[in-house]
Amino acid sequence: MTLQTDLMPNLQNYAAFCHSFKWGEVERYLAGLSGGKGLNIAHEAVDRHAAGPLKNTVALRWLRKNGRVEEATYAELQQRTARFANVLGQLGVNKGDTVFSFAGRIPELYIAALGTLKKTAVFCPLFSVFGPEPVWQRLSRGNAKVLVTTTALFNKTVQQVLERLPGLQYILLTDAETHQSERILSLPLLMAAAPAQFTIPPTDPEDPALLHFTSGTTGMPKGALHVHRAVLTHYMTGKYVLDFHPGDVFWCTADPGWVTGTSYGIIAPLVNGVTNVVDEEEFDAARWYATLEAQKVNVWYTAPTAIRRLMRMDIRPREQYKLENLRLLLSVGEPLHADAVLWCQKTFGVPVLDNWWQTETGGIMIANFPALPVRPGSMGKPLPGVEAAIAEMSDSDFQLITDPGKQGHLVLKKGFPSMFRAYLNDEERYRKCFRGDWYVTGDLARRDADGYFWFVGRADDIIKTSGHLVGPFEVESTLTQHPAVAEAAVIGKPDPNIGELVKAFVVLKPGYETSGELQLDITAFARKKMGPAVAPKEIAFVGNLPKTKSGKILRRLLKARELGLPEGDLSTLEQG
Amino acid sequence: MTDADIKTTIFQLLKRIAPDTEPTLLKPNDNIRDTLGIDSFDALQFIIALNEKLGIEIPEQDYGKTATLEQLTAYIKTKER
């Protein structure tokens, strides 16, 4: 299966391109700050286009919940992001300070992201479905100085944890008409008063730019820090994987609260000068098809969860909707099974190009490319300039596997521009991710004889749900705060729609009886604290949890029992 | 079923899926998902539970017609005929 289109892909000969590719040469396609003052993502995404032939091209088109369509050309986006950068300046935000957003896909989020990058502060977006605990963990661990949010989310979520955030100096409400206090301010008022010109200060390509939190097996979420140089990957993958061509309309359905929604929902399309469509609404199959038609989308980047929902519809979309503009469909977040790849080919007349990457890698690393035959079910081949391998490792040993088809740890060689530079304030966890020059991704995979990579699973207990990661430890710690819960263990239970759902096994304290009512009470408690994106979707009561002799919960055993799979080596299991 | 019966069923099922919320406080034109702050998985579970409880079949392409309490109630009544 290869892509059928009249337009030649930007990358036509994968092997030759890989052979000749050098990251340094990508810089030639970027402008850089004038006078050799460095490299800034926002300059590449906005200002350089605003000063050139694309100035009147629509950069962002927001499809609002109220049905309205709002647009900003590159020239307008330059002014609005300049205002935001000036607002930050007036509030005393300095280079390297962290600015958070906690909002749905509203225009202010995008303006704040790019304005923060202009100011050389660090931007960190939070998913709006988080409850107060995940929000607090991230704001406090990320040293938040400014938070951009809506009045509704502030009242519902942020206010509950505000006292525990002494370092958070300002909260900018996107929809408040007046300032609420010296700390809680109206963003519209500040924006109206701020100048629409801003000169980006000198930016070292290694200056921190973006912070994305991701979950670990143990401990609380980790803040993966990315630098301005990552824009090389954003540009390169936009051009050669998303295959952007001049005049393209692009729609990435991911929320900026997850890394895809920032790298590809904000930066990559703008750096490549195309029109980026943002839909504020959540998934609705019929409306999504109508959006593809109405917006004349050329390139569509979505997720397996959405594709599986579309597969549930018994319609022939090409007969009901005019989808002739759609040239390329891409998917990320979890492996896309072969049946879904084949369904897309049949339904849309174009293959769906699955790809693989993660928060730490900042951009697409392994992909199916328009010019390469798609192997349904495979994540594809490494990006030119990225070396991926399969490794066998133990605590003391690390060996690359060269035999095709053999399963092992998916590892990436250091040195590509969008590689994370740190877990914020957590040097030890950062160091643990590397074996020499190799970054250990935490995923298991295999490589076939032709160099295609195939996802196998996670090497740890992290749960992948609706395309994002949930750490079992953070859920377990919250559950044990419920007065009836003695112990909890959390696993990812396979689910046909969202990959895995968060399932909790709960041991009650003496004196508590299992009941449907208590189950609902614990569910409500967890959802209030963590929000529906993190809280368990299923809770089961158990008499005890399987543990190792050293007291560590054997989540793998719980999962095997849940799925009716062999229980494996039980030599470390504490009996009794 | 009367409108009141349908609403009672809707509230019961929503409460089971999202016990942290107060579905009875929903106004007729509130977007159920946004107002209760439930995610897409919860929303799908709710529709599946409605299908099972009421013995109807709301197809995926009609989910957009069931966004508010008023829309959903009206939609269920058309399915009952």
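I count helices (H or I, at least four residues) and strands (E, at least two) as DSSP runs, numbered from the N terminus.

**Entry: ground rules.** I am working with a predicted model, in which local features need pLDDT of at least 70 and side-chain atom pairs count only at pLDDT 80 or more, while totals for chains, interfaces and linings use all residues. Residues are numbered from 1 along each chain as its sequence is written, and chains are lettered from A and ligands numbered from 1 in the order in which they are written.

**Entry: chain B.** I began with chain B, where I found four helices and zero strands, giving the pattern α-α-α-α along the sequence. Its radius of gyration (taken over C-alpha atoms) is 11 Å, close to the 12 Å that the globule rule (2.2 Å times the number of residues to the power 0.38) gives for 81 residues, so chain B is as compact as a globular protein of that length. The C-alpha atoms of chain B fill a box of roughly 35 × 25 × 20 Å along the principal axes. For burial I call a residue buried if 20 or more other C-beta atoms, placed from the backbone, lie within 10 Å of its own, exposed if 12 or fewer, and partly exposed in between; by that rule 37% of the 81 residues in chain B are buried.

I then looked up Thr78(B), which is found in helix α4 (residues 69-80) of chain B. Is Thr78(B) buried or exposed? Thr78(B) counts as exposed, because it has 10 C-beta neighbours inside 10 Å.

**Entry: chain A as a whole.** I recorded 18 helices and 28 strands for chain A. A compact globule of 576 residues would have a radius of gyration near 25 Å, and the 24 Å of chain A agrees with this. Buried residues make up 52% of the 576 residues in chain A, and its C-alpha atoms fill a box of roughly 75 × 60 × 50 Å, taken along the principal axes.

Entry: Two strands pair if DSSP finds at least two bridges between them. In chain A I traced an open sheet of nine strands with mixed pairing, in the order β2-β1-β11-β10-β12-β13-β14-β15-β16. Strands β2 (69-73) and β16 (381-382) of chain A stand at the edges with a single partner strand each, so one side of each is left without a neighbour in the sheet. Within this sheet, β12 (residues 299-302) and β13 (residues 328-331) of chain A run parallel and are joined by four bridges, with Thr302(A) opposite Ser331(A).

**Entry: around β6 of chain A.** Which residues of β6 (residues 170-173) of chain A are buried on each side? Tyr170(A) and Leu172(A) are buried on one side, and Ile171(A) and Leu173(A) on the other, so that both faces are covered. Four bridges join β5 (residues 144-149) of chain A to β6(A) in parallel, and Leu147(A) stands opposite Ile171(A). Three bridges join β6(A) to β7 (residues 184-186) of chain A, also in parallel, and there Leu173(A) stands opposite Ser186(A).

**Entry: where the chains meet.** Taking residues as in contact if their C-beta atoms, placed from the backbone, lie within 7 Å, I found 22 residues of chain A in contact with 15 residues of chain B. On the chain A side, α11 (285-294) and α17 (516-530) are the elements that give two or more residues, and α17(A) supplies the largest share, five residues.

Terms used: Contact = placed C-beta atoms within 7 Å.
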